[in-house]
Amino acid sequence: MENHFSYGQKVQSKLGGSLRRILQYVRWLPVRVGRLLQHFVNIRKNRPIVWLTDCMMMILDLLGLAEWYETLADWIKWNTRPLTAEERKIGQAIFGESLDWERVRIDTRSYLGPRQSAICYVSGYTINSWGEMT
């Protein structure tokens, strides 16, 4: 279901999404720090490349790379929009409250991938498609 938001509503949605990501980053920062510190305690000498790769991923997570990417994509991909009440109800029937539904966005004009391959995919909290989905 296509929603046509005014410019002001889009800006408000993008600002709200950005703020929500910042607050969640701050909320999860102690968990991320703890996970990295625990990783340093459990150094695996028999698999150093795996340990190092995990360490690098945890550092990127600690820096909020996923939140930065999602925020940048939300602002660049101007057509992204929040879920409608009906879409949210469908998602909650499947995933319950395991997702932050205020962060979920839909991009029905995702140019790279969906347009060429007639697929839908999820990146972070964004559902990407080319055209409306049923």
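Q: What is the distance of the polar contact between the side chains of N128 and S110?
A: This is a predicted model: local features need pLDDT of at least 70, side-chain atom pairs count only at pLDDT 80 or more, and totals for chains, interfaces and linings use all residues. Numbering starts from 1 along each chain as its sequence is written, and side-chain values use heavy atoms, with hydrogens and water left out. A polar contact pairs N or O atoms within 3.5 Å; within protein, one must be able to donate a hydrogen and the other to accept it, and residues adjacent in sequence count only if both atoms are side-chain atoms. For the side chains of N128 and S110, the distance is 3.4 Å.

Q: Which side chain makes a polar contact with the side chain of N128 at 2.5 Å?
A: S110 is one polar partner of the N128 side chain, at 3.4 Å. At 2.5 Å, the partner is the side chain of K77.

Q: Is N128 buried or exposed?
A: N128 sits in strand 4, residues 126-128. Beyond four places in sequence, N128 touches residues including D107, P114, I119 and Y121 (contact: heavy atoms within 4.5 Å). Buried means under 20% relative accessible area, exposed over 50%, partly exposed in between (1.4 Å probe, protein chains only). The relative accessibility of N128 is 0%, so N128 counts as buried.

Q: How far apart in space are N128 and K14, C-alpha to C-alpha?
A: In sequence, N128 and K14 are 114 residues apart. In space, their C-alpha atoms are separated by 17 Å.

Q: What is the radius of gyration of the chain?
A: The elements run α-α-α-β-α-β-α-β-β from the N terminus. The chain is more spread out than a compact globule, because its radius of gyration is well over the 14 Å that the globule rule gives for 134 residues. That radius is taken over C-alpha atoms, and the rule is 2.2 Å times the number of residues to the power 0.38. For this chain, the radius of gyration is 18 Å.

Q: What percentage of the residues of the chain count as buried?
A: The C-alpha trace spans about 55 × 35 × 30 Å along its principal axes. Among contacts with a separation of 6 or more, residues 24 or more positions apart account for 52%. Of the 134 residues, the buried share is 28%.

Conventions:
Helices (H or I, at least four residues) and strands (E, at least two) are DSSP runs, numbered from the N terminus.
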